[in-house]
Structures are given as structure tokens and as C-alpha cells.
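These are notes for a colleague who has not seen this structure before. Please read them with the model open.

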Amino acid sequence: MKATPEERFESLYWTHHQELLAFIRRRTSPNVAEDILAETFVVTWRRIEEVPMEARPWLFGVARNSIRNYVRADSRQQALRIRLEQEPPEAQHDLSVSIASRADLVRAWNLLTDSEQEVIALTAWDDLSNNEAATVLGCTKSAFAVRLFRARRRLLHLLERTGTGSSGSGPRRQAQGSQS
């Protein structure tokens, strides 16, 4: 009788978790090893039908890839921290203008659709290239570029309608936007 996916997963976990944890600990800091092991078994569960009968080398490969993903993410976070530390602090000309502009940005952001927010966030906050972001969304690079262009254009339009866009064009554009 063939084991159910749950039984197979449980067997894989109890058979290999200690040696995988030792493998991960030798390559990372001890405080992240458990998280990487958990990610390894999340991937294993998602791909349980693809796990070969000789699972040990496959599991070590997944663990290795999970370590590499962690290292890449950690490197991006470190680079961002360094960039932020090196940037000179912004001069606050007028606190009320700064607060109003941020409130307008939040209001405009909330008017975007979820997909528009996602394409902007992937590049602006997650610092992904267009190619990487396209992979995340499962579309071509050119399709992602079009989505990003349209989302940015809509955000700028919404900002102009709230009066924080380019100087002098806010009220006029607001009047034009209310007619459409």
C-alpha cells in the first residue's frame, strides 16, 4: 500500500530533520537555522509529489537553496541598511507641508488597486528588477514593465488630483479629472 502524502512527509521529516539541521547550522548562524529548516520542509510539503524515492540528496539540495535564499535576502537587507545610514537626513522645510504630502500619498496609494500597489511595491520597496518582479508575478518582463508604467502613471495622476503633483498643475488637473 502506498503511503499518503502526509505519511510520506512525516517519514521524511523524522528521518532527515536532524541531519538537515546540522547541515544548515554548519553553513549559517544558529539563530536562523530552525527557520531555514522550516522553509526546507515547507518546500518539501509543497512538492511532496516530486520528491524522489531517494529523498536525502533532494532534501539537501532544497536546504542548500533555502540557505542561499536566506543569504540573498539578508544581503539585500544589509545593503539597504547601509544605504539608509549613508543617506543624509532630509531637511524638513515645513513640517506641515511634509505631513500633508505624506497624507496625500497615503490617500493616493489607497486608491490604487491591489495589483497596482503590488507592481510598484515589488520595485520600490522590495528592490526587485523588472525581470525579477515579472518572475514573481508569473508574467513576461515586458508585461510587467507595462503594468508598472500604468501603475506609476495612475499614482502620479492621483497625487496631482490631491494637489501634491507638479506645482501649478494640481488645481487645473483636478478640475479636468472631475469632468471625466
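The points below go from the overall fold to the core, the salt bridges and the surface charge.

1. Basis. This is a predicted model, in which local features need pLDDT of at least 70 and side-chain atom pairs count only at pLDDT 80 or more, while totals for chains, interfaces and linings use all residues. Residues are numbered from 1 along each chain as its sequence is written, and side-chain values use heavy atoms, with hydrogens and water left out.

2. Overall make-up. The chain has 8 helices and 0 strands. Helices (H or I, at least four residues) and strands (E, at least two) are DSSP runs, numbered from the N terminus. Read from that end, the order is α-α-α-α-α-α-α-α. Of the 180 residues in the chain, 29% are buried. Here buried means under 20% relative accessible area, exposed means over 50%, and partly exposed lies in between (1.4 Å probe, protein chains only).

3. Which elements build the largest core? The core itself has 20 residues, and those with the most contacts inside it are Leu12, Leu20, Phe23, Ile24, Leu37, Val51 and Leu59. Two or more residues each come from α1, α2 (30-46) and α3. The most is given by α3, with 7 residues. A nonpolar core is a set of buried Ala, Val, Leu, Ile, Met, Phe, Trp, Tyr and Cys residues joined through side-chain atoms within 4.5 Å. In soluble globular proteins, nonpolar side chains tend to be buried together.

4. Salt bridges in total. The whole structure contains 6 salt bridges. The term stands for a side-chain nitrogen of Lys or Arg within 4 Å of a carboxyl oxygen of Asp or Glu.

5. Arg83 and Asp127. These two form a salt bridge, with the closest N and O atoms 3.7 Å apart. The pair joins distant parts of the chain, 44 residues apart: Arg83 is in helix α3, and Asp127 is in the loop between α5 (114-124) and α6 (130-137). Arg83 is partly exposed at 43% relative accessibility, and Asp127 is partly exposed at 46%.

6. Arg107 and Asp104. This salt bridge has an N to O distance of 2.3 Å. Both residues belong to helix α4 (residues 95-111); they are 3 residues apart, so about one helical turn separates them. Asp104 is buried, with a relative accessible area of 9%, whereas Arg107 is partly exposed at 45%.

7. Glu116 and Arg154. Here the closest N and O atoms of the salt bridge are 2.6 Å apart. Glu116 sits in helix α5 and Arg154 in helix α7 (residues 141-161), 38 residues apart, and the pair links distant parts of the chain. Glu116 is buried at 16% relative accessible area; Arg154 is partly exposed at 31%.

8. Positive patch. Which residues form the positive surface patch? They are Arg26, Arg27, Arg64, Arg68, Arg72 and Arg76. At least two residues each come from α1 (5-27) and α3 (55-86), and the largest share, 4 residues, comes from α3. Arg76 lies in that helix, α3, and is partly exposed, with a relative accessible area of 44%. Patches are made of residues with over 30% relative accessible area and no salt bridge, with like charges joined within 9 Å and nonpolar side chains (Val, Leu, Ile, Met, Phe, Trp, Tyr) within 5 Å. Lys and Arg count as positive and Asp and Glu as negative, while His and the chain ends are not counted.

Conventions
Areas by Shrake-Rupley, 256 points an atom, 1.4 Å probe, with all protein chains shown as cover. Charge placed at Lys NZ, Arg CZ, Asp CG, Glu CD.
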